[in-house]
Amino acid sequence: MTEQHQVGEIFVNEDGEQVIVRYRRTQRIVHAFLATSFVVLLITGLALIWGPLSFLAEGGTSRLVHRIGAVIFMAVPALYLITDREGAKELVYDSFHYDKDDIEWFKNIFKYFFGHAAVMPPQGRLNAGQKGHHAAVILVSGTVVVSGLLLWFGKSWLSTTTLSWVVVAHDASMLILTLFLIGHLYFTSVYKAIGGMTNGWIEEVDARLEHPKWVEEAEATAVAGSDGDTE
């Protein structure tokens, strides 16, 4: 149903709930590829360095699966640009641009952590925490990719010391991304956000609570569009 509507459009779903479209199908598909490839990398990577999962590494299967997951993980940005160039550009822009409300949001982040979104400064399509999360994931993922490629192709010419530091950078970066994933899952649960990536929409009341500036902008755009249609 959401594919009949534009992002930011408010409509009544099949259950009679008033909802607002948050993500297009292409965005949800890209997110699924990113999430799946990361989980594959995490599990197969742990198999190489953590004893209890070492049985998965027998025969080199986990190493092969890890590299397949790595190729998919690296392909995600290209996939996003190919399927939804405007969405990709918008995500990167929003992730690295903050206004005064975002700064105030960060000052009160502990309130949001405990589920008190109603007292937070008004936010746009992404709240400040989501912006920071995306920005950090973009940067840390770059470290994961570069260090991973060096481990994959550079063992024959990297010195032992350099190789050791690359391993540290790779493992530390994956640890940071894993912590981001845990936080992401926590906030997704607290703020009932899973529907955004499964159905493409979230309930309007939740959108007004967490992203009031975005909802207001969407409504203003809808009004302007309807006025244009009547002229």
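Helices (H or I, at least four residues) and strands (E, at least two) are taken as DSSP runs and numbered from the N terminus. The structure is a predicted model, in which local features need pLDDT of at least 70 and side-chain atom pairs count only at pLDDT 80 or more, while totals for chains, interfaces and linings use all residues. Residues are numbered from 1 along each chain as its sequence is written, and side-chain values use heavy atoms, with hydrogens and water left out.

The chain contains 10 helices and three strands. In order from the N terminus, its elements run β-β-α-α-α-α-α-α-α-α-β-α-α. Taken along the principal axes, the C-alpha atoms fill a box of roughly 70 × 35 × 30 Å. Of the 231 residues, 35% count as buried, where buried means under 20% relative accessible area, exposed means over 50%, and partly exposed lies in between (1.4 Å probe, protein chains only).

The three strands form an open sheet of order β1-β2-β3 with antiparallel pairing. Its edge strands, each pairing on one side only, are β1 (10-12) and β3 (201-203). Neighbouring strands of the sheet are turned by 40° against each other on average, direction ignored; the axes are lines fitted to C-alpha atoms, for helices over the stretch in contact, and angles run from 0 to 180 degrees between N-to-C directions. Strands are counted as paired if DSSP finds at least two bridges between them. Strands of a sheet pair through backbone hydrogen bonds, either parallel or antiparallel.

Three bridges join β1 and β2 in the antiparallel sense, and V12 has Q18 of β2 as its bridge partner. These two strands form a hairpin with five residues between them, and G16 in the turn has a positive phi of about 80°. Within β3, W201 is the bridge partner of V21, and E203 is that of V19.

A positive phi is also found at K192, with a value of about 50°, although this residue is not a glycine. K192 belongs to the loop between α7 and α8 (194-198). Its relative accessibility is 56%, so K192 counts as exposed.

The largest nonpolar core consists of nine residues, namely F38, L41, A70, F73, V137, V140, V144, M174 and L177. Such a core is a set of buried Ala, Val, Leu, Ile, Met, Phe, Trp, Tyr and Cys residues joined through side-chain atoms within 4.5 Å. At least two residues of this core come from each of α1, α2, α6 and α7, and α6 supplies the largest share, three residues. In soluble globular proteins, nonpolar side chains tend to be buried together.

Grid points are joined across faces, edges and corners, and a volume is the space filled by probe spheres set on the points.

The second largest pocket holds about 700 Å³ of space. Its lining comprises 26 residues, of which L48, H66, L151, H170 and D171 lie nearest the centre. Two or more lining residues come from each of α1, α2 (61-83), α6 (128-153) and α7 (160-190). The most is given by α7, with seven residues. By class, 17 of the lining residues are nonpolar, five polar and four charged; Ala, Val, Leu, Ile, Met, Phe, Trp, Tyr, Cys and Pro count as nonpolar, Asp, Glu, Lys and Arg as charged, and the others, Gly among them, as polar. The C-alpha atom of D171 is separated by 9.7 Å from that of I49, 122 residues apart along the chain. I49 lies in helix α1 (residues 25-49) and counts as exposed because its relative accessibility is 58%.

One cavity of 30 Å³ or more is counted. The largest cavity contains about 40 Å³ of space and is lined by W105, Y112, A117, M120, P121, Q123, N127, L209 and E210. This lining has six nonpolar, two polar and one charged residues.

Terms used: On a 1 Å grid over the protein atoms alone, a cavity is a set of points where a 1.4 Å probe fits but cannot get out, and a pocket is an open set with protein on both sides within 12 Å along at least five of seven lines; lining residues have an atom within 4 Å of a point.
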